[in-house]
Amino acid sequence: MDYYFYYTSILSLFLLIVLPLIFLLFHKQNSQKSHQTLPPGRTGLPFIGETLEFLSAGWKGHPEKFIFDRMNKYSSRVFKTNLFGEPAVVFCSAEGNKFLFSNENKLVTAWWPNSVNKIFPSTAKTSSKVESKRMRKMLPHFFKPEALQKYIGIMDDIAQRHFASGWEGKDEVLVFPLAKSYTFQLACKLFVSIEDPEHVSRLAQPFNLIASGIISLPIDFPGTPFRKGINASNFVRKGLLKIIKKRKLAHLEGKVCSTQDILWHMLSTSDENGELMSELDIADKILGLLIGGHDTASAACTFIVKYLAELPHIYDQVYKEQMEIAKSKSPGELLNWDDLQKMKYSWNVACEVMRLAPPLQGAFREAINDFIFNGFYIPKGSKVYWNANSTHKSPEFFPEPEKFDPSRFKGNGPAPYTFVPFGGGPRMCPGKEYARLEILVFVHNLVKRFKWEKLLHDEKIVVDPLPMPAKGLPILLHPH
């Protein structure tokens with residue numbers, strides 16, 4: 001009876017004192033959470049949210065308008081919205097960029113709209129996040145300095161053939177499709193060793209549809225950008241699977257590949273469980289690389305042509321720098337690593353182009369923990385979006401932001417986290433240096449051959465999802 005009395009007394013004490021205290025503490029924590037201040041803003045229509053306004057700003061040529069209108073109305077640092085069917089928080093400052101890039105895999109992780117998993121079906125088995133991690137382990141082998149140095153001669157050779165066939169002997173050209181052709185030829189050669197022009201052309205045609213489908217409302221009806229993107233990705237995937245099967249057979253038969261490209265590495269590298277990637281996995285990864293490896297660089301090349309046409313004094317300085325390099329080469333000698341290190345002014349021009357027309361408009365993250373930013377509560381599971389234009393075109397970071405001024409990149413360049421065309425932190429684009437090389441090789445081969453002028457002086461710029469001239473940027477060529 002003594003034990004019974006003792007235990008019932010302890011239980012009564014727990015029920016009367018300890019349990020209410022636990023309840024009060026739990027209630028207080030929940031109450032504090034519920035009263036945390038969420039970022040200001042509006043989420044728009046059900047499901048669609050503000051996606052149409054977001055996309056429309058790009059279609060009208062002013063993608064930054066969506067961001068700056070809401071920065072002015074709600075907060076210059078962070079606001080909430082709804083994009084691609086998901087409530088999202090937009091970070092719009094160097095402070096926000098630093099916070100996100102510094103807290104990768106601590107407070108936030110990569111996130112893509114559902115459209116990505118539909119267009120790249122191999123991610124359905126895992127997730128686009130897992131697939132991205134696998135790729136990031138594989139890519140450094142191809143983008144390290146030793147490998148990049150070997151690519152320069154190949155890039156220059158392809159560039160020379162590209163200009164000989166697509167530019168020379170012509171009075172007028174459309175720059176945007178030619179720039180895409182150049183960067184896609186490079187990607188096909190260096191990633192999958194495809195060189196046949198007809199084969200390259202067949203693969204290239206659907207890529208615009210794929211890129212537009214990825215950044216669109218995931219509405220799967222005939223005629224929508226999303227459905228067109230899915231159909232285009234299926235078409236390219238079939239072509240890639242044929243190449244993969246052929247190369248896989250050669251690999252199994254022990255035939256040595258003369259060029260150990262990315263495809264060769266994917267076919268021969270096993271994961272931590274000793275398993276090789278499936279053919280569909282490889283096709284999707286190559287598809288993603290071909291998109292990332294040529295789209296953004298082609299946009300940068302196109303806008304370099306645009307700004308050099310508009311600004312003759314900038315062109316003259318680029319021309320002077322490139323001709324000094326050209327004159328130092330013996331007949332038939334290709335560009336090398338040292339040559340590209342001398343192209344400092346040309347690269348500053350390219351950076352200023354990417355500041356004004358960033359090929360990568362921004363990217364999504366997902367909060368993996370609750371956190372506070374700038375006094376606002378961001379709950380776990382929130383989608384977070386950073387946008388390059390919020391800093392690139394801000395007078396706070398770039399005085400007279402609409403003025404073209406390559407000197408911004410002299411010396412130490414812009415303040416950290418303000419110039420982010422390649423992202424930042426652990427998820428900075430692994431192909432950043434590859435892009436630098438292909439852009440500079442393009443500039444060198446262009447300016448040593450031609451001066452040019454725009455044929456449409458008020459051509460509209462459209463962002464869908466990359467910036468591009470609405471009419472392809474027609475120019476009149478003046479050979480040197």
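**Reading the model**

Of the 480 residues in the protein chain, 51% count as buried. The model is a predicted one.

Me: How many helices and strands does the protein chain have?
Reply: Both counts refer to the protein chain of the predicted model. The chain has 12 strands, and its helices number 19.

Me: Does helix α14 count as largely enclosed or largely open, and how many of its residues are buried?
Reply: Helix α14 covers residues 279-310. At 1.5 Å a residue, its 32 residues should span 46 Å, and its end C-alpha atoms are 47 Å apart, which agrees. The helix is largely enclosed by the rest of the structure, because the number of buried residues among its 32 is 27.

Me: How are α15 and α17 placed: what is the angle, and what is it called?
Reply: Two packed helices are described by the angle between their axes and the distance between the axes. Helix α15 (residues 312-327) and helix α17 (residues 344-356) have axes 8 Å apart and pack at an angle of about 140°. Angles over 145 degrees would count as roughly antiparallel. The angle of about 140° therefore makes α15, relative to α17, oblique.

Me: What is the handedness of the crossing of α15 and α17, which residues make the contact, and how do they divide by class?
Reply: The crossing of α15 and α17 is left-handed. On the α15 side the contact is made by Ile314, Gln317, Val318, Glu321 and Gln322, and on the α17 side by Lys344, Tyr345, Ser346 and Val349. By class, the residues of this contact are 2 charged, 3 polar and 4 nonpolar.

Me: At what angle do helix α8 and helix α19 cross, and what is the handedness?
Reply: Helix α8 spans residues 145-166 and helix α19 spans residues 432-447. Their axes come within 9 Å and cross at roughly 35°. The crossing of α8 and α19 is right-handed.

Me: Which residues make the contact of α8 with α19, and how many are nonpolar?
Reply: From α8 the contact includes Leu148, Tyr151, Ile152 and Met155. From α19 it includes Tyr434, Leu437, Val441 and Phe442. By class, the contact of α8 with α19 has 3 charged and 2 polar residues, and its nonpolar residues number 11.

Me: Is Glu50 buried or exposed, and where does it lie?
Reply: Glu50 lies in the loop between α1 (2-34) and α2 (51-59). Leaving out residues up to four places away in sequence, Glu50 touches Arg42, Thr43, Gly44, Phe66, Arg70, Thr81, Asn82 and Leu83. Its relative accessibility is 2%, so Glu50 counts as buried.

Me: How far apart are the C-alpha atoms of Lys98 and Tyr417?
Reply: Lys98 and Tyr417 are 319 residues apart along the chain. The separation of their C-alpha atoms is 5.9 Å.

Me: What is the phi of Ser193, and what is the phi of Asn374?
Reply: Ser193 lies in the loop between α9 and α10 (197-204), and Asn374 is in the loop between β6 (371-373) and β7 (376-378). Ser193 is partly exposed, with a relative accessible area of 27%, and Asn374 is partly exposed, with 38%. Neither is a glycine, and phi is positive in each: near 55° for Ser193 and about 55° for Asn374.

Me: Is His392 buried or exposed?
Reply: His392 is found in helix α18 (residues 389-392). Leaving aside neighbours within four places in sequence, His392 is in contact with residues including Met354, Arg355, Phe398 and Thr418. Its relative accessibility is 0%, so His392 counts as buried.

Terms used: Residues are numbered from 1 along each chain as its sequence is written. This is a predicted model: local features need pLDDT of at least 70, side-chain atom pairs count only at pLDDT 80 or more; totals for chains, interfaces and linings use all residues. Side-chain values use heavy atoms; hydrogens and water are left out. Axes are lines fitted to C-alpha atoms, for helices over the stretch in contact, and angles run from 0 to 180 degrees between N-to-C directions. Helices (H or I, at least four residues) and strands (E, at least two) are DSSP runs, numbered from the N terminus. Angles under 35 degrees count as roughly parallel, over 145 as roughly antiparallel, 65 to 115 as roughly perpendicular and the rest as oblique. A crossing is left-handed if the near helix is turned anticlockwise from the far one by less than a right angle, and right-handed if clockwise. Contact means heavy atoms within 4.5 Å. Ala, Val, Leu, Ile, Met, Phe, Trp, Tyr, Cys and Pro count as nonpolar, Asp, Glu, Lys and Arg as charged, and the others, Gly among them, as polar. Buried means under 20% relative accessible area, exposed over 50%, partly exposed in between (1.4 Å probe, protein chains only). The expected span of a helix is 1.5 Å times one less than its number of residues.
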